[in-house]
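Subject: The structure, and some notes on it

Hi,

Here is the structure to open alongside this email. My notes follow below.

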Amino acid sequence: MAETSKAYADIAIMFQQQPNRDWIPLTDQLQVYRGILSGFEATLGAQKAASAKVRESQKAYEEGKMSDTDVQAFSSHADAISYTLYAEVNHFQANRQQEFKIMMQNLLDEQIDFHRRITQRLEEAKRHYDAF
């Protein structure tokens, strides 16, 4: 019975150490994504403000308060911001898919290895009794 007790004590230690191998790295990576996503809010605000400025400049042009050259400059600047934002979103999406695939593969690989080690430890304990 001592061997069984030792096996379960070893398994308890495995359970204690396992989050460092699978769940903690996953949650750390998710926190990184949380930070990245919070940065998009400011970028979207800048794009929205630029679009509003273009509308204001077009209205000012219609009222004769601004030249066509100035309106085109605002429009060009807003277009650059929009295209940059779209490129960033596309880049983020492509990287996110690949990185989430790798994160989930690592999580599952660690879980498989964890359960394999538990099974091996239980089999060792069982072999102890087979010797009787």
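A word on burial to begin with: a residue is called buried under 20% relative accessible area, exposed over 50%, and partly exposed in between, using a 1.4 Å probe and protein chains only. By that rule Gln18 counts as buried, because its relative accessibility is 4%.

Some background before the rest. This is a predicted model, in which local features need pLDDT of at least 70 and side-chain atom pairs count only at pLDDT 80 or more, while totals for chains, interfaces and linings use all residues. Residues are numbered from 1 along each chain as its sequence is written, and side-chain values use heavy atoms, with hydrogens and water left out.

The average pLDDT (the predictor's confidence in each residue, from 0 to 100) is 93 for the protein, and 100% of the residues score at least 70. Helices are DSSP runs of H or I with at least four residues, numbered from the N terminus.

Now to the loop between H1 and H2, where Gln18 lies. Its side chain makes a polar contact (a pair of N or O atoms within 3.5 Å, one able to donate a hydrogen and the other to accept it; residues adjacent in sequence count only if both atoms are side-chain atoms) with the side chain of Arg117 at 2.9 Å. The Gln18 side chain also reaches the backbone oxygen of Glu110 at 3.4 Å.

Asp22 sits in that loop between H1 and H2 too, and its side chain is joined to that of Gln18 by a polar contact of 2.8 Å. Asp22 is buried but has no salt bridge, meaning a side-chain nitrogen of Lys or Arg within 4 Å of a carboxyl oxygen of Asp or Glu. Leaving aside neighbours within four places in sequence, Asp22 is in contact (heavy atoms within 4.5 Å) with Leu107, Glu110 and Gln111.

H2 itself has 40 residues and spans 59 Å from first C-alpha to last, close to the 58 Å expected, which is 1.5 Å times one less than its number of residues. Its buried residues, among them Leu26, Tyr33 and Val54, pack against helix H3 (68-130).

Why is Phe40 classed as buried? Because its relative accessible area is 15%. Beyond its neighbours within four places in sequence, Phe40 is in contact with Leu85, Glu88, Val89 and Phe92.

Best wishes

How values were computed:
Helix = DSSP H or I, 4+ residues; strand = E, 2+ residues; numbered from the N terminus. Lys, Arg positive; Asp, Glu negative; His and termini not counted.
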